[in-house]
Every structure is written in structure tokens, then in C-alpha cells.
Amino acid sequence: MSTDNLWEKYLTSRNEEARHKLILQHLPLVKHLAGRVAVKLPAFIQQEDLESYGVIGLMEALDKYDPAMGTSFDSYAYHRIRGAMLDEVRRQNWLPRTAWQKFQTLKTVKERLEGELGGTVSDEVLAKEMGITLDELHQLVFNANKMYFQSLDEDVVGNDGSQVSKWEMIEDINSPDPLSIVEEQENKRLLAEAVGLLGERDQLILSLYYSEGLTLKEIGQVLEVSESRVCQLHSQAMKKLRKQLQDMIY
């Protein structure tokens with residue numbers, strides 16, 4: 001069955017078989033995006049985890065996509081998949097998924113025991129309650145806190161093969177975090193794509209105003225229209241651009 005036929009079958013009846021095949025067809029997009037996002041993040045964030053988050057974003061994109069939005073599914077899904085990856089990484093607080101889940105369980109059990117026993121709980125009691133050995137408990141705590149206890153002078157290898165000092169991986173409240181950088185780059189890509197969907201005159205006006213730095217009066221001279229008319233055309237172009245971006249994102 002062709003891709004067009006799959007889409008027709010899925011959109012008209014929400015057929016599960018068609019949905020499954022469309023998911024399989026777009027898994028390479030998920031893998032591609034996971035690779036692009038991974039190189040911008042610390043090495044201990046695994047690409048496989050990003051791919052699993054991305055599949056969730058892909059399924060959400062399939063459920064919410066409407067061709068009437070006027071954008072291709074790939075463009076729409078691109079943002080949804082990337083957003084799902086970054087949202088989950090942010091929610092996991094920079095720890096690999098399995099380690100974060102175990103550490104969250106540890107915190108929950110510890111808080112419960114302290115409430116029941118009315119005081120500090122020993123490691124032995126905590127390990128027994130969780131059904132793990134004392135060594136496993138200590139390793140779990142170590143893994144959760146290793147970013148803070150490792151030498152700041154030691155270099156680590158990032159996913160892109162480059163050497164990075166660990167101090168560069170510690171949050172600087174005065175600098176954008178890696179997720180913000182990735183988001184900014186992706187927002188620029190989306191903006192460029194949205195502008196490309198506008199008419200030639202709208203693209204020209206936005207380019208002259210924002211890229212070339214011309215005033216509305218100067219743009220009017222280029223287009224041979226009045227300054228007030230350029231102002232009106234600029235407002236219309238911005239309204240169309242916002243609509244394109246909303247359709248691509250939502």
C-alpha cells in the first residue's frame with residue numbers, strides 16, 4: 001500500500017494497522033533527530049533513550065496531525081518529536097532514564113520509612129526495604145550524584161567525540177543551557193521554513209526589514225508604495241507568518 005493510501009486510510013477511519021505502518025515509516029526521522037539532539041547533550045544521556053522519547057512524540061504527532069493545517073507531516077512531526085525528547089530530558093533532570101527512576105524510588109522509600117520510624121533511616125534498613133544489597137544502594141546514590149563529585153579538571157568525551165571539561169557541564173545561571181541552544185537552533189530552522197511558505201512579496205518585505213535593516217520608508221521606495229502601505233503589508237506578512245508557525249507547531 002502506498003504512503004498516500006496509508007494516510008487516506010488512517011485519516012478517514014483512524015485505522016490502527018495504517019497507523020502502525022506510518023509509525024514504522026517515520027522511525028528513521030526519529031533516529032535522525034535523536035542523533036542531532038544527542039551531540040548537543042552530555043555523553044551520559046543515551047541516544048537510545050532519546051529515540052524512545054521521540055517515538056512518543058511521533059505517535060502524538062500522528063494523533064493530532066491535520067492536513068488542513070497546510071504543512072507536511074514531516075515538518076509537523078519534526079517539532080513534535082524534538083519537543084518530546086527535550087521535554088523528557090528536562091523532566092529526567094539530566095540523568096539516564098533507568099538511573100533516574102531508581103533514584104526516585106529510593107527517595108520515595110526513604111521518605112516513607114523516615115515518616116514511619118520518626119527519624120533517620122540507616123542504609124542497611126533502606127537497602128533491605130528496596131530489596132537490594134548495600135553495595136547496590138551505595139552505587140545507586142553514587143550514580144545519581146556523580147556529576148557533583150567528579151573532578152572538575154577531568155575531561156570527558158562527548159557524543160560528538162570532542163573533549164569537554166566537566167565544569168562545562170555544570171549549570172551556569174548566566175549562560176543558556178544546552179537544551180536552550182538546541183531549541184534556539186530549531187526555532188531558527190522553523191522560522192526559515194515558515195518564511196519560505198509565504199508569498200514572494202511578503203518574503204521580500206520581511207527580508208528587507210529584518211535582514212537588510214531597511215526602514216519602512218526605504219522599503220516603500222523599493223516597492224514604489226507609500227510608507228503607510230508598507231506598514232500595512234508588514235503587519236499582514238507578520239500575521240501570515242504567525243499562522244504558519246502555529247500550524248507547524250500545533
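These questions and answers walk through a predicted model of one protein chain.

Me: Is Gln244 buried or exposed?
Reply: Gln244 is found in helix α12, which covers residues 227-249. Buried means under 20% relative accessible area. Gln244 has a relative accessible area of 18%, so Gln244 is buried.

Me: Leaving aside neighbours within four places in sequence, which residues is Gln244 in contact with?
Reply: Contact means heavy atoms within 4.5 Å. With neighbours within four places in sequence set aside, the contacts of Gln244 are Ala194, Leu197 and Leu198.

Me: What separates Glu17 and Lys21 in helix α2?
Reply: The two form a salt bridge, with the closest N and O atoms 3.4 Å apart. Glu17 is partly exposed at 47% relative accessibility. Lys21 is partly exposed too, at 33%. They sit four residues apart in helix α2, so the separation is about one helical turn.

Me: Which helices hold Arg19 and Asp63?
Reply: Their side chains meet in a salt bridge, 3.2 Å from N to O. The pair is 44 residues apart and links distant parts of the chain: Arg19 is in helix α2 and Asp63 in helix α4.

Me: How many salt bridges does a search of the whole structure find?
Reply: One of them joins Lys31 and Glu51, with the closest N and O atoms 3.4 Å apart. That pair links helix α3 to helix α4. Salt bridges with shared partners also join Arg112, Glu116 and Glu129 into one network. The search finds six.

Key:
Residues numbered from 1 in each chain as written. Predicted model: local features only at pLDDT ≥ 70, side-chain atom pairs only at ≥ 80, totals over all residues. Heavy atoms only, no water. Helix = DSSP H or I, 4+ residues; strand = E, 2+ residues; numbered from the N terminus. Buried < 20%, exposed > 50% of the residue type's maximum accessible area, 1.4 Å probe, protein only. Salt bridge = Lys/Arg side-chain N within 4 Å of Asp/Glu carboxyl O.
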